[in-house]
Amino acid sequence: LHEDIVTQLFACLKDRSLPYLEMQEALQTCKAALPSAVMHEVSSKIAVLLSPLNTSPELRPTTRASSNESMQETHNRDLIECCRAILELLAPLEGDSRIQMLFAAVRRHADGQQSFVWDQVLSLLEKYVVVEGKFSGMLDRREEVITKLVKSETQTANLDQALSAREARQLAC
């Protein structure tokens, strides 16, 4: 089960259309804040690189492993160049808070797909460590604390001679 989830996660993160779809979504969110010339230029840069990826898999040429690796390198190079070009177009508008979502989306992918995947996995692992760090050993400590509380309450309840040990434990809980 865990392997399936990790496999699906990596398949999603490695999807070559993900960067462009994310940038396109961010662009749609803040397009009203962009000058129309910049908006059209950014949109066309994203569309040019996204359109071949949106074609049907049946229509794409089949590739061998060696050419698949070069396709990945080409995709990475195109992605980095696209992000660089978009960041240059947006540079004069960097202070505009209305388009920070677009800047963030482009910057997330500016170092290439492998870097993006690494950053996402690292972020998930850091969050996991923070959350699990709070709970590590918690069961042992919780049981220890509860045992001590019950014991102290039982001892207090035992001061009342009229209660049996079972009644004292029930009262303590």
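**The α2/α3 pair and beyond**

Guide: α2 passes α3 in a left-handed crossing (the near helix is turned anticlockwise from the far one by less than a right angle). This is a predicted model: local features need pLDDT of at least 70, side-chain atom pairs need 80 or more, and totals for chains, interfaces and linings use all residues. Residues are numbered from 1 along each chain as its sequence is written, and side-chain values use heavy atoms, without hydrogens or water.

Helices here are DSSP runs (H or I, at least four residues), numbered from the N terminus. α2 covers residues 18-30 and α3 covers 36-50. Their axes, lines fitted to C-alpha atoms over the stretch in contact, lie 10 Å apart at about 155°, on a scale from 0 to 180 degrees between N-to-C directions. α2 is therefore roughly antiparallel to α3 (over 145 degrees).

Now the contacts (heavy atoms within 4.5 Å). From α2, Tyr20, Leu21, Met23, Gln24 and Leu27 meet Met39, Val42, Ser43, Ile46, Leu49 and Leu50 of α3.

Next, His109. This residue belongs to α5, residues 100-109. His109 is buried at 0% relative accessible area (under 20%, 1.4 Å probe, protein chains only). Its side chain makes a 2.7 Å polar contact with that of Glu22 (N or O atoms within 3.5 Å, one able to donate a hydrogen and the other to accept it). Beyond four places in sequence, His109 touches Pro19, Glu22, Leu79, Cys83 and Phe116.

Cys83 is buried too, at 0%. Its sulfur is 5.5 Å from the closest cysteine sulfur, in Cys82, so the two are too far apart for a bond. The structure holds zero disulfides (cysteine sulfur pairs within 2.5 Å).

Conventions:
Buried means under 20% relative accessible area, exposed over 50%, partly exposed in between (1.4 Å probe, protein chains only). Helices (H or I, at least four residues) and strands (E, at least two) are DSSP runs, numbered from the N terminus. Angles under 35 degrees count as roughly parallel, over 145 as roughly antiparallel, 65 to 115 as roughly perpendicular and the rest as oblique.
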